[in-house]
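Please view the sequence and the structure below before reading on.

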Amino acid sequence: NFCTESTECEAELRLQKDWEKVSRFYSGNGIQTTKYTLLSFLPRNLFEQFHRLANLYFFFLVILNWFPQVEVFHRNITMLPLGMVLLVIMVKDGTEDWMVRFLHPLLKCSQLWNRTLQLLNSMA
């Protein structure tokens, strides 16, 4: 690189050093279209499900039913509706996430994706 002034050379060198630092720090930078990984699926999914007020309410009933003074039904029967709802939603979320992971590379290589990128590049 040929610089006419020393300040331009210094600025270019400083920019190059900054770029090297940033590129090392964010070396694994990429777009992730899925919500879960194999290790984070269960904790993250349960965390999201218990943000729903209805699930918290039924969980509270399950906890309350474990005390013999307030027990209305058998303990196991009380857990059944909540467990089924959590399981069904977990299977649905897992299936959707797996389909996104599976279909995203196929979509990326499709003609529709290439046309969309061409359209976005022509607009820029």
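Asn 45 is placed in helix H2, residues 41-49; helices are DSSP runs of H or I with at least four residues, numbered from the N terminus. The model is predicted, so local features need pLDDT of at least 70 and side-chain atom pairs count only at pLDDT 80 or more, while totals for chains, interfaces and linings use all residues. Residues are numbered from 1 along each chain as its sequence is written, and side-chain values use heavy atoms, with hydrogens and water left out.

Asn 45 counts as buried because its relative accessibility is 0%; buried means under 20% relative accessible area, with a 1.4 Å probe and protein chains only. The side chain of Asn 45 makes a polar contact of 2.3 Å with the side chain of Gln 49. A polar contact is a pair of N or O atoms within 3.5 Å; within protein, one must be able to donate a hydrogen and the other to accept it, and residues adjacent in sequence count only if both atoms are side-chain atoms. Apart from neighbours within four places in sequence, Asn 45 is in contact (heavy atoms within 4.5 Å) with Tyr 36, Ser 40, Met 90 and Asp 93.

Asn 55 is found in helix H3, residues 53-65, and counts as buried because its relative accessibility is 6%. With neighbours within four places in sequence set aside, the contacts of Asn 55 are Gln 49, Phe 50, Leu 82, Val 85 and Leu 86.

The pockets come next. On a 1 Å grid over the protein atoms alone, a pocket is an open set of points where a 1.4 Å probe fits, with protein on both sides within 12 Å along at least five of seven lines; lining residues have an atom within 4 Å of a point. A volume is the space filled by probe spheres set on the points, which are joined across faces, edges and corners.

| Pocket | Volume |
|---|---|
| Largest pocket | about 190 Å³ |
| Second largest pocket | about 150 Å³ |

H3 gives the most to the lining of the largest pocket, with five residues. Leu 82, a contact of Asn 55, is among the residues lining the largest pocket. For the second largest pocket, H4 gives the most to the lining, with four residues, and Tyr 36 is one of the lining residues.

Technical notes. Helices (H or I, at least four residues) and strands (E, at least two) are DSSP runs, numbered from the N terminus. Buried means under 20% relative accessible area, exposed over 50%, partly exposed in between (1.4 Å probe, protein chains only).
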